[in-house]
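Hello,

Please find the structure for handover below. My notes on what was found in it follow.

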Amino acid sequence: MTLYLFTKDAPGSSACEGQCLINWPPLVGEPAAGDGVDASLLGSFQRSDGTTQATYNGWPLYYWKNDAAPGDVTGQNVPDVWFVLDAAGNPVSG
């Protein structure tokens, strides 16, 4: 499934709590590199609830609850603060 970043986050820190986490579930656990992923950009941090959330280029990673199938990007640019990451770990604009 597509992973997103939240522009209100800071490296290694999540601003998404409460209802936000219902809409944007975090990618939890230690990440492993797949095709097209720069393993040196992978990381993780401990959330306030004690779970480990994966990061890419320092950005905490999330899923979007309305993406139904792999490749869906219906969370892109919702509402001007959620973005897909490119291979370099930067937000994809547009």
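Arg 47 sits in the loop between β2 (42–46) and β3 (52–56). Helices (H or I, at least four residues) and strands (E, at least two) are DSSP runs, numbered from the N terminus. The model is a predicted one: local features need pLDDT of at least 70, side-chain atom pairs count only at pLDDT 80 or more, and totals for chains, interfaces and linings use all residues. Residues are numbered from 1 along each chain as its sequence is written, and side-chain values use heavy atoms, with hydrogens and water left out.

Is Arg 47 buried or exposed? Arg 47 counts as buried because its relative accessibility is 5%; buried means under 20% relative accessible area, exposed over 50%, and partly exposed in between (1.4 Å probe, protein chains only). Not counting residues up to four places away in sequence, Arg 47 touches Ser 14, Cys 16, Glu 17, Leu 21, Pro 26, Gln 53 and Tyr 62. Contact here means heavy atoms within 4.5 Å.

The count of salt bridges comes to one, where a salt bridge is a side-chain nitrogen of Lys or Arg within 4 Å of a carboxyl oxygen of Asp or Glu. The side chains of Glu 17 and Arg 47 form it, at 3.3 Å from N to O. Glu 17, at 41% relative accessibility, counts as partly exposed.

**The disulfide**

The whole structure has one disulfide, taken as a pair of cysteine sulfur atoms within 2.5 Å. The disulfide joins Cys 16 to Cys 20, with S to S at 2.0 Å. The angle about the S-S bond is -110°, and the link of Cys 16 and Cys 20 is left-handed. Cys 16 has a relative accessible area of 0% and is therefore buried.

**Aromatic pairs**

How many aromatic pairs are there? The count is five. Rings of Phe, Tyr and Trp (its six-membered ring) pair if their centres lie within 6.5 Å; planes under 30 degrees apart count as stacked, over 60 as edge-to-face and the rest as tilted. One of the pairs is that of Tyr 4 and Trp 24, which is edge-to-face at 5.4 Å centre to centre, with 80° between the planes. Tyr 4 lies in strand β1 and Trp 24 in the loop between α1 and β2, so this pair ties together parts that are 20 residues apart in sequence. Tyr 4 is buried at 0% relative accessibility, and Trp 24 is buried at 4%.

Tyr 62 and Trp 82 have ring centres 5.1 Å apart and planes at 90°, so their pair is edge-to-face as well. Tyr 62 belongs to the loop between β4 (59–60) and β5 (82–84), while Trp 82 is in strand β5, so that the pair links distant parts of the chain, 20 residues apart. Tyr 62 and Trp 82 are both buried. Ring pairs join Tyr 4, Phe 6, Trp 24, Tyr 62, Trp 64 and Trp 82 into a cluster.

**Nonpolar cores**

In soluble globular proteins, nonpolar side chains tend to be buried together. A nonpolar core is here a set of buried Ala, Val, Leu, Ile, Met, Phe, Trp, Tyr and Cys residues joined through side-chain atoms within 4.5 Å. Which residues make up the largest nonpolar core? Its 10 residues are Tyr 4, Phe 6, Cys 16, Cys 20, Trp 24, Tyr 62, Trp 64, Val 81, Trp 82 and Val 84. β1 and β5 are the elements that give two or more residues to this core. Another core, of eight residues, lies apart from it, and includes Leu 5, Leu 27, Leu 41 and Leu 61.

Three strands form an open sheet in the order β2-β3-β4, with antiparallel pairing; two strands pair if DSSP finds at least two bridges between them. β2 and β4 are the edge strands, each pairing on one side only. The antiparallel pairing of β2 and β3 runs over five bridges, and Leu 42 stands opposite Tyr 56 in β3.

Ala 10 lies in the loop between β1 (4–6) and α1 (19–23), and is partly exposed, with a relative accessible area of 34%. Leaving aside neighbours within four places in sequence, Ala 10 is in contact with Gly 58 and Pro 60. The C-alpha atoms of Ala 10 and Pro 60 are separated by 8.2 Å, and the two residues are 50 residues apart along the chain.

Regards
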